[in-house]
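Let's take a friendly look at how charged side chains pair up in a protein. Have the viewer ready and follow along.

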Amino acid sequence: MTRPDPITRRLQRLFTVLDTGGEGFVTWDDHQRIVDRYVAGYGLPKSDPRIRELERAYWTQWLGLLAQAPPGRDRLSMDEFVAAHRAVGYGARAAQLLDDLARAVFNVLDVDRDKRISRDEFARYLDFCQVSGADAAAIFRRLDLDGDAFISQREVAKSLSAFHLYNDDLTTPGGVFLGLS
């Protein structure tokens with residue numbers, strides 16, 4: 001049996017993280033739990049515009065994935081999830097979907113709203129994601145593409161694109177924004 005390519009393996013890991021109930025399917029509820037983690041981790045009300053934007057970005061992504069499944073489906077198996085991500089990932093709207101998600105994630109993490117994520121803001125995020133301090137510094141360095149000691153919205157978007165589409169590195173740091181550590 002041949003080993004799946006790196007992108008498929010990353011998407012399979014993402015599926016496993018999303019399938020919190022372990023039932024072998026991913027649903028909208030699994031995506032909603034990601035949003036709920038941000039609500040809890042940042043102490044924001046669900047009505048906060050940043051949370052609403054994040055939920056909308058995940059909802060749009062979920063609808064895009066479901067559009068690749070047989071009609072009437074409200075859940076995806078691992079194989080369907082990977083195939084749907086690949087189909088959406090190479091479609092015309094892929095860049096926009098990832099940019100929308102990157103903007104929404106960025107806006108929650110940028111607590112002081114200065115249009116950049118500092119090391120402290122990123123450490124807060126990783127703390128609620130339960131990523132250790134040593135790993136946090138390495139991830140921050142890999143995400144800070146221009147070396148200015150901050151993470152920009154563009155850098156978040158590039159890392160999400162690399163995770164989904166363009167990179168054979170299984171440990172690409174963009175997965176951290178999706179719950180992978």
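Arginine 73 is partly exposed, at 28% relative accessibility (partly exposed lies between buried, under 20% relative accessible area, and exposed, over 50%, with a 1.4 Å probe and protein chains only). Its side chain meets that of glutamate 80 in a salt bridge, 2.7 Å from N to O; the term stands for a side-chain nitrogen of Lys or Arg within 4 Å of a carboxyl oxygen of Asp or Glu. This is a predicted model, in which local features need pLDDT of at least 70, side-chain atom pairs count only at pLDDT 80 or more, and totals for chains, interfaces and linings use all residues. Residues are numbered from 1 along each chain as its sequence is written, and side-chain values use heavy atoms, leaving out hydrogens and water.

**The overall picture**
- Side chains of opposite charge can pair when their charged atoms come close.
- The count comes to 8 salt bridges.
- Glutamate 80, the partner of arginine 73, is partly exposed too, with a relative accessible area of 22%.

**A pair in helix H2**
- Arginine 33 and aspartate 30 form a salt bridge, with their closest N and O atoms 2.4 Å apart.
- Both belong to helix H2 (residues 28–42) and sit 3 residues apart, about one turn of the helix; helices are DSSP runs of H or I with at least four residues, numbered from the N terminus.
- Aspartate 30 is buried at 1% relative accessibility, whereas arginine 33 is partly exposed at 36%.

- Arginine 103 and aspartate 100 form a salt bridge, at 2.9 Å between the closest N and O atoms.

Terms used: Helix = DSSP H or I, 4+ residues; strand = E, 2+ residues; numbered from the N terminus.
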